[in-house]
Amino acid sequence: MDDVTAILDQLNPAQHEAVSAPQGNMLVLAGAGSGKTRVLVHRIAWLMQVEGLSPYAVLAVTFTNKAAREMRTRLEALLGLSLRNVWVGTFHSIAHRLLRTHWQDARLPQHFQIIDSDDQLRLVKRLLKENHVDDERYPPRQVQSFISGCKEEGLRPHQVDVHGDAYLAQMVDLYERYQLTCERGGLVDFGELLLRSLELLRDNPALLAHYQERFGHVLVDEFQDTNTLQYAWLKLLSGMKTPMTVVGDDDQSIYGWRGARVENIRRFEQEFRDTRTVRLEQNYRSTSAILEAANALISHNADRMGKELWTAGSRGEPISLYAGFNDLDEARFIVDTIKEKVDEGYNRREIAILYRSNAQSRVLEETLIRQGMPYRIYGGHRFYERLEIRNALAYLRLLLNRDDDASLERIINVPARGIGTRTVEILRERARQADVTLWQALHDGLADASLKGRAGNAIQAFADLIERLDNETAGMSLHEIIAHVIEHSCLVEHHRSEKGEKGQARVENLEELINAARAFTQGEALKPPETGEGGVALEAFLSEAALNSGEHEADEFEDCVQLMTLHSAKGLEFPVVFIAGVEEGLFPHKMSLEEPGRLEEERRLCYVGLTRAMRKLYLTYAEIRRMHGKETFQRASRFLREIPDEYMEEVRLRGQISRPVTAMRPAVGLSRQTSVNGGGELPTLSLGQRVHHPVFGEGVILNAEGEGERARVQVSFEGEGDKWLVLGFAKLTPL
Ligand SMILES: Nc1ncnc2c1ncn2[C@@H]1O[C@H](COP(=O)(O)OP(=O)(O)OP(=O)(O)O)[C@@H](O)[C@H]1O
Ligand SMILES: [Mg+2]
């Protein structure tokens, strides 16, 4: 009985009940950190150990592959045996496994290929062109999301009701052609994995019976984020007979924008027979200050399923709130505080920095790198490794050096301009034979007319574009060059037309690259360049970017700070958590303010963020942030006001040399009328104030540091950009 004791030992009575309940349908509905995932793991162990279920008979669905690996490890530890045969995975990985095993029944070629969303988009564009469909009326991204949306709802082209609507009929026609092309090429997109495996089971009664027989129990974590298709898939697989255990939290439903249906929780209770609903109310993760703050925040949402959460833990430290002068100061505060925490004895991996938008990581990453603090971006790429950033950098590299083959290949058809892989192969072959670079081969091919027709025109247009960008940017400053190139190469437009969060994030990242360039020339962020303008600065900037992307890479097992978006933090926990950029427009994200229901989803995302913290939580925001290439004044997020004061404490600066002096720091929510310096003969200035300079003209004070004679201010001048000026010398007049 030792093993059974191990399974039940570390559970409270409600968890105990859930884990050891007789087999049947069960819904565990409970708030964050109440042990839902723990219950799921222990229930699997119980089913195997006590109910005698074979490892082969368990199907467990998790949200990420990492969660699946963790679940397997924890199970092996509980049961003391190796469990390579258990089916634990994400919906996609399980569907994939089914299709690989039964490719014939699924009417797929044996070596079918999975395509990602970029491949999918390329395919859609080709179809639009081949069929002479106007891509202004039917933007490729829209067609792509229409197709994915249909698949998520389980709809094949003939099942979409067009109601005589010509526009919709065209969409459906494209969907049909897309599907035909995929069938011919043996291509399977992500949505198809699920839909195809659903159809596989539905249309093969013998196979379905086999799996229904085989799986003795189906378990699902993070059930609140399942979509319509996933729900249908579970329903089919269980045949409403195989018992299911699902765990979830309606307050943590954060993927509505991707088709997740929180209603699935209620549907489950209604549709699955004799569902036992268990509520867990004790939170084991966080201090009571953190938990109460999260409870208060989420209470601002209407239409919740209602759950109570309490903790027996201590109140702990209050949540620290820090208002940075700007995003850089915010990052400095975070990294300095992390250093203190490490000195206090925390491991770096116990500390996480969470943010709403991907682009926010750039300033944080640079500050971490500068301070020699190893970090890892969880569930995503580091800033300089992101696809859109690498594309932009490839254009810039090509401006400096046409012979950079890797960069040329990377962007020759990005955004798509009709240069196919065959043309690129011809170029490559030519270059190899003549022993020249691709750029050279391309020119030779145009000169001797061996590249002609449509391909020739497209190549010519590309060569012209690069030359034109080069000419147009001559004499520009670094950030202007970058702004010009990302705009006129149409990279921004390319991603802007992408629907949803992903495209938005890519546009934000590109804009963030302009910010990086500005900061670079001001010597704020990366190493300051030796020489000032244009090409030289560009070269220095590109080298730094290359270094940033490779050199400081921490390997997976190194003890390093964890950076991730709030979305990817779901299900995880860390002793120390920072949430950066808690500002209106950023979090809640401005996109969410336009669509009904989205604000509540942002609030749930905030609830997810707060409840990741175990012992200490920091919320930070910047009063001035560079966004979309320019400085904007930011307001503290409404979410901060929704957390009662009693759980929060404002952090003020402790007057370190590398930071602005205390007197300059405006208090949270107060006006910025704080004195920049107290010196008698110097003018009294405040952040955000307009000033006049005899040479640079009018500008706004963005930042300040140092004291007395040595105090410096950063001023954003119209037309002159940002400059740091020493107050003692600069003749600034307040306006
Ligand atoms: N009975 C218990 N005794 C001690 N610690 C527990 C108990 N139950 C859960 N925990 C611990 O509490 C923390 C939260 O548990 P778990 O991650 O399972 O919660 P969850 O409900 O899945 O959270 P989330 O909603 O964030 O996914 C974990 O560190 C877990 O080990
Ligand atoms: Mg969990």
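# Close-up views of a predicted model

**View 1. Around ligand 1, helix H3 (residues 36-49) gives the most to the shell, with three residues.** Helices here are DSSP runs of H or I with at least four residues, strands are runs of E with at least two, and both are numbered from the N terminus. This is a predicted model, in which local features need pLDDT of at least 70 and side-chain atom pairs count only at pLDDT 80 or more, while totals for chains, interfaces and linings use all residues. Residues are numbered from 1 along each chain as its sequence is written, and chains are lettered from A and ligands numbered from 1 in the order in which they are written. Of the 18 residues around ligand 1, the ones that come nearest are Gly35, Lys36, Thr37, Arg38 and Tyr284; a residue is near if its C-beta atom, placed from the backbone, lies within 6 Å of the molecule or strand. Sorted by class, the shell has nine polar, five charged and four nonpolar residues. Nonpolar takes in Ala, Val, Leu, Ile, Met, Phe, Trp, Tyr, Cys and Pro; charged is Asp, Glu, Lys and Arg; the others, Gly among them, are polar.

**View 2. Helix H7 (residues 140-152) packs on helix H8 (residues 166-185) at about 75 degrees, with the axes 10 Å apart.** So H7 is roughly perpendicular to H8 (65 to 115 degrees; under 35 is roughly parallel, over 145 roughly antiparallel, the rest oblique). Axes are lines fitted to C-alpha atoms, for helices over the stretch in contact, and angles run from 0 to 180 degrees between N-to-C directions. H7 brings Val143, Phe146, Ile147 and Cys150 to the contact, and H8 brings Met171, Leu174, Tyr175 and Tyr178. Two residues are in contact if their C-beta atoms, placed from the backbone, lie within 7 Å. By class, this contact has eight nonpolar residues, with no polar and no charged ones.

**View 3. H18 meets H19 at an angle of about 100 degrees, with their axes 8 Å apart.** That puts H18 roughly perpendicular to H19. On the H18 side look for Leu427, Arg428, Arg430, Ala431 and Ala434; facing them in H19 are Leu438, Gln440, Ala441, Leu442, Asp444 and Gly445.

View 4. Leu442, His443 and Leu446 of H19 make the contact with Gly456, Ile459, Gln460 and Ala463 of H20. Here the classes are four nonpolar, three polar and no charged residues.

**View 5. Two prolines follow cis peptide bonds: one joins Val414 and Pro415, with omega about -10 degrees, and another joins Phe587 and Pro588, with omega about 10 degrees.** Pro415 sits in the loop between helix H17 (405-411) and helix H18 (421-434). Pro588 is in the loop between S13 and helix H25 (598-610).

**View 6. Arg107 has a positive phi of about 55 degrees, though it is not a glycine.** Its place is the loop between helix H5 (91-101) and strand S4 (113-115).

**View 7. The chain averages a pLDDT of 85, and 89% of the residues score at least 70.** pLDDT is the predictor's confidence in each residue, from 0 to 100.
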